[in-house]
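Please keep the sequence and the structure in view while reading.

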Amino acid sequence: MKLKICTFISFIAVAMSLWAKSEIKRPDTYAYTRGVEAYVEENYADAIDWFNRELKEHPDNGYAYVYISILRYGNQEYGKALTAIDNALKRLPKKDKEWHSTAYASRADIYAAMEDTVKALNDLSQAIQIDPTNARFYRSRAQLYYEQKDYSLSDADYLKMIILDQGDVILPSQRENHCHILSSTCLWTWISKI
């Protein structure tokens with residue numbers, strides 16, 4: 001469970017760093033702020049309570065739904081996580097591309113956990129369409145393609161990931177778990193970046 005929550009923490013960290021740079025008005029209510037604080041402190045039970053309080057007062061807070069989805073996913077409550085992320089996607093401001101793309105990628109993780117690879121791939125493609133510069137989305141989609149034995153699409157996404165974030169590559173010791181043997185051209189590109 002900690003690994004799943006850590007994965008989502010990285011989503012939120014990226015989204016929050018982008019949040020600071022954007023001009024989009026994000027929630028700053030007491031319950032929401034306390035929920036984020038509890039989440040950061042890894043007090044997940046309190047975080048869910050605070051986010052639920054937030055939603056009682058502000059039922060259209062899509063950001064709170066994202067956090068609830070993350071927490072439900074971490075508890076392997078995939079149905080509740082899916083409901084929360086669907087609510088988030090309906091309520092997040094359309095102009096907040098960072099959180100929208102993160103929400104789609106989060107829903108893809110939920111679908112993957114539920115073994116619905118088609119919907120997971122569709123959501124990752126949607127996330128990439130919204131934010132084509134996020135290497136993490138390409139990595140996740142590449143892994144799903146690899147698991148489906150669609151090696152050419154997997155190679156293309158891994159290469160795109162490397163191009164986007166040259167410092168964020170899979171180490172040679174991890175490569176076996178993440179992809180098959182790449183074509184010699186792609187492999188050379190990959191190795192030259194390590």
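Asp123 is buried, at a relative accessible area of 5%. Leaving aside residues up to four places away in sequence, Asp123 touches Tyr104, Arg107, Ala108 and Tyr111. A contact here means heavy atoms within 4.5 Å.

The model is predicted: local features need pLDDT of at least 70, side-chain atom pairs count only at pLDDT 80 or more, and totals for chains, interfaces and linings use all residues. Residues are numbered from 1 along each chain as its sequence is written, and side-chain values use heavy atoms, with hydrogens and water left out.

**Overall make-up**

The chain has 11 helices and zero strands. Both are DSSP runs numbered from the N terminus, helices being H or I with at least four residues and strands being E with at least two. Of the 194 residues in the chain, 47% are buried. Among contacts with a separation of 6 or more, 54% join residues 24 or more positions apart.

**Helix 5 and helix 6**

Two packed helices are described by the angle between their axes and the distance between the axes. Axes are lines fitted to C-alpha atoms, for helices over the stretch in contact, and the angles run from 0 to 180 degrees between N-to-C directions. Helix 5 (residues 78-91) and helix 6 (residues 97-113) pack at about 160 degrees, and their axes are 10 Å apart. Helix 5 is therefore roughly antiparallel to helix 6. On this scale, angles under 35 degrees are roughly parallel, over 145 roughly antiparallel, 65 to 115 roughly perpendicular, and the rest oblique.

The crossing of helix 5 with helix 6 is left-handed. A crossing is called left-handed if the near helix is turned anticlockwise from the far one by less than a right angle, and right-handed if clockwise. From helix 5, the contact includes Tyr78, Leu82 and Asp86, and from helix 6 it includes His100, Tyr104, Arg107 and Tyr111. The residues of this contact divide into 10 nonpolar, two polar and two charged. Here Ala, Val, Leu, Ile, Met, Phe, Trp, Tyr, Cys and Pro count as nonpolar, Asp, Glu, Lys and Arg as charged, and the others, Gly among them, as polar.

**Helix 2 and helix 4**

The axes of helix 2 and helix 4 come within 11 Å and cross at roughly 30 degrees. These two helices are therefore roughly parallel to each other. Their crossing is left-handed. Tyr32, Val36 and Tyr39 in helix 2 meet Tyr63, Ala64, Tyr67, Ile70 and Leu71 in helix 4. By class, this contact has eight nonpolar, no polar and no charged residues.

**The nonpolar core**

Which residues touch the most other members of the largest nonpolar core? They are Tyr32 and Phe51, in a core of 48 residues. Such a core is a set of buried Ala, Val, Leu, Ile, Met, Phe, Trp, Tyr and Cys residues joined through side-chain atoms within 4.5 Å. Helices that each supply at least two residues include helix 2 (30-40), helix 3 (44-57), helix 4 (62-74) and helix 7 (117-130). Helix 4 gives the largest share, nine residues.

| Residue | Relative accessible area | Class |
|---|---|---|
| Pro27 | 16% | buried |
| Glu42 | 42% | partly exposed |
| Glu57 | 53% | exposed |
| Glu115 | 72% | exposed |

Pro27 is in the loop between helix 1 (2-21) and helix 2. Its C-alpha atom is separated by 9.4 Å from that of Gly62, which is 35 residues away along the chain. Glu57 lies in helix 3. Glu57 and Ala31 are 26 residues apart in sequence, with 8.7 Å between their C-alpha atoms.

Glu42 has a positive phi of about 60 degrees although it is not a glycine. Glu42 sits in the loop between helix 2 and helix 3. Glu115, also a residue other than glycine, has a positive phi near 65 degrees. The loop between helix 6 and helix 7 holds Glu115.

Key:
Buried means under 20% relative accessible area, exposed over 50%, partly exposed in between (1.4 Å probe, protein chains only).
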